[in-house]
Amino acid sequence: MRKQPTQTALPHTNGRDAASLKESLTNRLIFSVGKDSITATQRDWLYATSFATRDHLIERWMETMRSYYISDAKRVYYLSMEFLMGRAMKNAMLNLGFEPECRDALRELKLDLDQVAEIEPDAALGNGGLGRLAACFLDSMATLQLPGYGYGIRYEYGMFTQHIENGRQVEHPDNWLRYGNPWEFARPEVLYQVKFHGRVVQHLGDDGTLQHHWVDTDDVMAMAYDTPIPGYGTRTVNNMRLWAAKASRDFDLGYFNEGNYIEAVKGKNESENLSKVLYPDDTTEMGRELRLKQQYFFVAASLQDILYRYRKYHDNFYSLPDKVAIQLNDTHPSIAVPELMRILVDLHRMNWDEAWSITRRTFAYTNHTLMPEALETWPVALFENVLPRHLQIIYEINHRFLKEVMHSAPGNLELLRRMSIIDESNGRWVRMAHLAIVGSHKVNGVAQIHTELMKQTIFADFHKFYPDKIINMTNGITPRRWLNQANPGLSALISANIGDGWLKDLDQLQKLVPLAEDASFVAKFAAVKRANKQRLAAALHQRMGIELNVDSLFDVQIKRIHEYKRQLLNLLHVVSLYNRIRANPEHDAVPRTVIFGGKAAPGYFMAKLIIRLINDVADIVNNDPRVGNRLKLVFVPNYDVSTAEVLIPAADLSEQISTAGTEASGTGNMKLALNGALTIGTLDGANIEIKNEVGAENIFIFGLTTEEVAKLRAAGYRAQDYYQANADLRAVIDMIASGYFSPDEPGRYRPIVDNLVARGDHYLLCADYASYLEAQLAVEAAYRDPRLWMRKAVLNVAHMGKFSSDRTIAQYAAEIWHAKPVPVLPRGG
């Protein structure tokens with residue numbers, strides 16, 4: 001008879017040694033998952049381990065919230081449509097400082113931590129850099145002991161799962177909540193009403209002032225889900241609160257009793273669609289309405305929650321800006337400006353001027369784009385239908401603002417037209433960026449060049465009118481996830497040589513500078529890089545069946561697929577390398593593996609066509625016997641945070657090749673450099689600051705500058721001239737045009753070729769092509785000298801201190817939020 005496992009009656013223990021953790025894991029498997037070790041699956045152990053780890057956060061979480069209330073601290077609220085959090089379990093273990101003990105405890109249970117962790121789904125509640133930046137910022141706020149909260153939407157389906165079928169991107173739903181989420185706490189008691197549609201009724205109040213009532217609305221309920229966010233090496237555990245849409249009533253009993261079951265639940269389904277999917281397709285009128293509703297839904301719920309918390313200890317709103325700082329992450333939450341005005345003026349009967357002063361001093365806005373077409377606008381008619389009272393408030397804000405502008409520049413009607421919140425040049429549209437600027441006390445760019453270009457181009461009029469409002473906050477990344485978690489080999493090597501203080505003070509990486517001349521350290525550094533390349537090669541072999549040469553140069557471009565990011569320029573270089581090998585099979589080429597990863601927006605035809613071209617070129621290059629291991633091309637499907645954690649430590653070369661003046665900052669460039677990849681890039685976004693930190697000799701810069709781009713366009717850029725003058729470029733484009741890579745459909749890539757040669761080449765690939773190839777030759781020359789290459793790689797890591805999100809958040813706290821750290825007091829402390 002099989003011996004029955006011994007079961008304890010204790011639900012969990014709080015010890016952090018391996019023995020206590022082992023007991024806690026077993027208890028959590030039994031009492032929380034409802035399984036025993038005989039029937040438990042790997043997923044069951046994932047949940048047991050997550051619950052056991054979470055137990056160690058909960059008390060600190062409670063202590064943190066208690067400390068904030070006791071100190072009546074000024075709190076920071078980060079409003080973002082996206083939070084690209086990635087996996088939570090290992091991050092929590094590492095931040096709490098007991099990952100080795102958890103690993104040992106699982107090993108005693110005949111389990112491997114890495115295999116268990118691999119089952120955890122990515123919380124892909126974001127599209128790319130914007131959402132990942134928000135996640136890094138939450139980590140840094142907790143690490144710096146700042147009273148910081150994240151607010152967003154709990155999307156039932158996150159960013160789509162990308163499959164590659166016949167070379168094409170095919171989108172599938174990302175059902176990340178299929179098996180539940182052990183890291184969130186449902187708060188059914190935290191429920192707020194959010195209104196849409198309806199009409200506005202006006203009447204004179206008892207005091208003779210005009211009052212407004214928003215009536216006959218369609219209502220949805222917002223329910224809170226909380227996720228603890230642990231800081232590193234501190235007792236602080238902050239909160240991320242995400243909102244899920246719930247129907248104001250579950251179903252219509254009348255329809256149900258009549259047997260019309262579809263109609264009975266129609267209202268419930270329509271209401272709950274609000275938090276169903278990240279970024280619905282907004283090419284249709286219905287999609288645009290849903291997206292606007294999403295934005296207002298999470299903003300309205302968040303403001304109600306913020307003000308509820310504030311009013312617990314304050315009788316009026318006059319000190320709100322002294323106790324509350326709200327950061328708008330891009331324009332998506334900028335509807336918060338008229339919403340706070342509605343609350344103060346309509347619901348609390350505050351006079352306009354006092355309410356406006358409070359509102360402007362409470363909000364700050366982060367801009368993330370320089371491209372006018374990417375600045376969010378909404379049709380006035382849509383606004384009037386969905387949010388009629390808010391449109392009235394926006395009109396009043398605009399009227400008062402334009403009056404100020406008119407007084408500063410009498411008679412300048414063109415200036416009024418340019419600065420107006422309402423764009424009337426082609427229909428009538430609400431300019432959300434203008435609303436955010438007018439309604440905030442500070443506006444920031446995310447890299448030095450981005451901020452200067454904001455002042456000189458898209459927001460030049462606002463900068464002249466508000467000369468001190470636009471400031472710079474260069475983006476950063478958290479070294480806890482992007483080095484300590486993603487690259488444990490390099491993290492251990494660094495800590496063994498300079499200590500682990502760099503995890504909270506990334507400037508300490510400067511201590512690595514002299515070690516770049518130490519042959520023993522450089523050899524160990526190279527061994528770590530090779531091990532990471534082997535890990536990636538094994539992962540891609542298992543996932544895609546491709547064999548990679550780990551001695552080749554791993555040339556990596558991983559980011560959202562967009563024409564301005566110029567994945568196509570990289571691909572043109574791949575075809576050029578292929579032609580070089582074909583023309584001279586005996587040529588001693590530097591072996592190169594070019595790796596792409598990234599998703600295209602579902603409705604973005606050209607980006608999806610570029611993905612298909614990458615895969616078609618890969619199919620030819622990777623199967624040409626003349627090429628062998630000298631050149632491989634790989635498109636890694638479904639790029640996400642967890643994939644990045646494997647790709648980034650393995651990269652030798654980081655492709656940051658956007659057209660100068662288009663990338664606001666970029667954070668992938670920082671992650672790759674922090675892990676020892678050398679950058680090839682234009683003088684765009686944060687590349688400029690990376691160059692300044694690492695030195696021009698340790699980065700490969702090419703291409704036109706922002707000023708040269710503007711001059712070339714002003715002079716009348718003709719891509720055809722570059723095409724005709726450069727035989728290599730002409731050969732590459734002609735191969736694509738001829739159907740060499742798409743013999744089954746020779747004209748498949750005609751739209752790409754026409755864009756490059758016939759339709760103006762908007763992002764100047766032809767103009768930068770020769771310079772790019774020259775820089776790539778310099779890359780090859782450096783890579784031929786392993787000692788030189790590794791020295792440069794070490795120096796890149798050593799000079800990444802500036803790009804910690806801790807530095808960025810400390811700067812926000814000092815210059816925008818005026819918030820201070822709050823040490824967390826243990827219970828009874």
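Student: Over which residues does pLDDT stay under 50?

Tutor: Residues 1-12. This is a predicted model, and for that stretch it has 18 contacts beyond four places in sequence.

Student: What should I do with coordinates where pLDDT is low?

Tutor: Where pLDDT is low, the predicted coordinates should not be read in detail.

Student: And what is the mean pLDDT of the chain?

Tutor: The mean is 94. Of the residues, 95% reach 70 or more.

Student: Which residues lie nearest the centre of the largest cavity?

Tutor: M85, G86, R87, A88 and T227. They belong to a lining of 33 residues.

Student: Which elements supply at least two residues of that lining?

Tutor: There are helices and strands in the list. The helices are α2 (42-71), α3 (89-96), α6 (129-143) and α20 (479-485). The strands are β2 (83-86), β3 (123-125), β10 (218-230) and β11 (237-247).

Student: How does the lining of the largest cavity divide into nonpolar, polar and charged?

Tutor: It has 19 nonpolar residues, seven polar and seven charged.

Student: Next one down. What volume has the second largest cavity?

Tutor: About 100 Å³. Its lining has 13 residues, and D72, R75, R309, Y310 and H314 lie nearest the centre. The elements giving two or more residues are α2, β1 (75-79) and α10 (285-311).

Student: Switching to sheets. In what order do the six strands of the open sheet come?

Tutor: The order is β21-β20-β19-β22-β23-β24. The pairing is parallel.

Student: Why is one side of β21 and of β24 left without a neighbour in the sheet?

Tutor: Both stand at the edges. β21 (631-636) and β24 (700-701) each have a single partner strand, so one side of each has no neighbour in the sheet.

Student: What packs on that sheet?

Tutor: Helix α22 (residues 519-544) does, touching β19, β20 (592-597) and β21. The direction of α22 makes about 70° with that of β21.

Student: How many bridges join β19 to β22?

Tutor: Two, between residues 553-558 and residues 653-656. The bridge partner of V556 in β22 is S654.

Student: What about the open sheet of three strands, parallel or antiparallel?

Tutor: Antiparallel, in the order β14-β16-β15.

Student: How many bridges join β14 to β16?

Tutor: Three. Strand β16 covers residues 429-431. Within β16, W429 is the bridge partner of P379.

Student: Last topic, the hairpin of β8 and β9. Which residue takes a positive phi?

Tutor: G208, near 85°. The hairpin has five residues between the strands.

Student: How many bridges join β8 to β9?

Tutor: Six, with β8 (residues 199-204) and β9 (residues 210-215) running antiparallel. L204 stands opposite L210 in β9.

Student: And through what do strands of a sheet pair?

Tutor: Through backbone hydrogen bonds, either parallel or antiparallel.

How values were computed
Residues numbered from 1 in each chain as written. Predicted model: local features only at pLDDT ≥ 70, side-chain atom pairs only at ≥ 80, totals over all residues. Heavy atoms only, no water. Pairing = 2+ DSSP bridges. Helix = DSSP H or I, 4+ residues; strand = E, 2+ residues; numbered from the N terminus. Contact = heavy atoms within 4.5 Å. Axes fitted to C-alpha atoms, helices over the stretch in contact; angles between N-to-C directions. pLDDT = per-residue confidence, 0-100. 1 Å grid on protein atoms, 1.4 Å probe; cavity = no way out; pocket = protein on both sides within 12 Å on 5 of 7 lines; lining within 4 Å. Nonpolar A, V, L, I, M, F, W, Y, C, P; charged D, E, K, R; others polar. Points joined across faces, edges and corners; volume = space filled by probe spheres on them.
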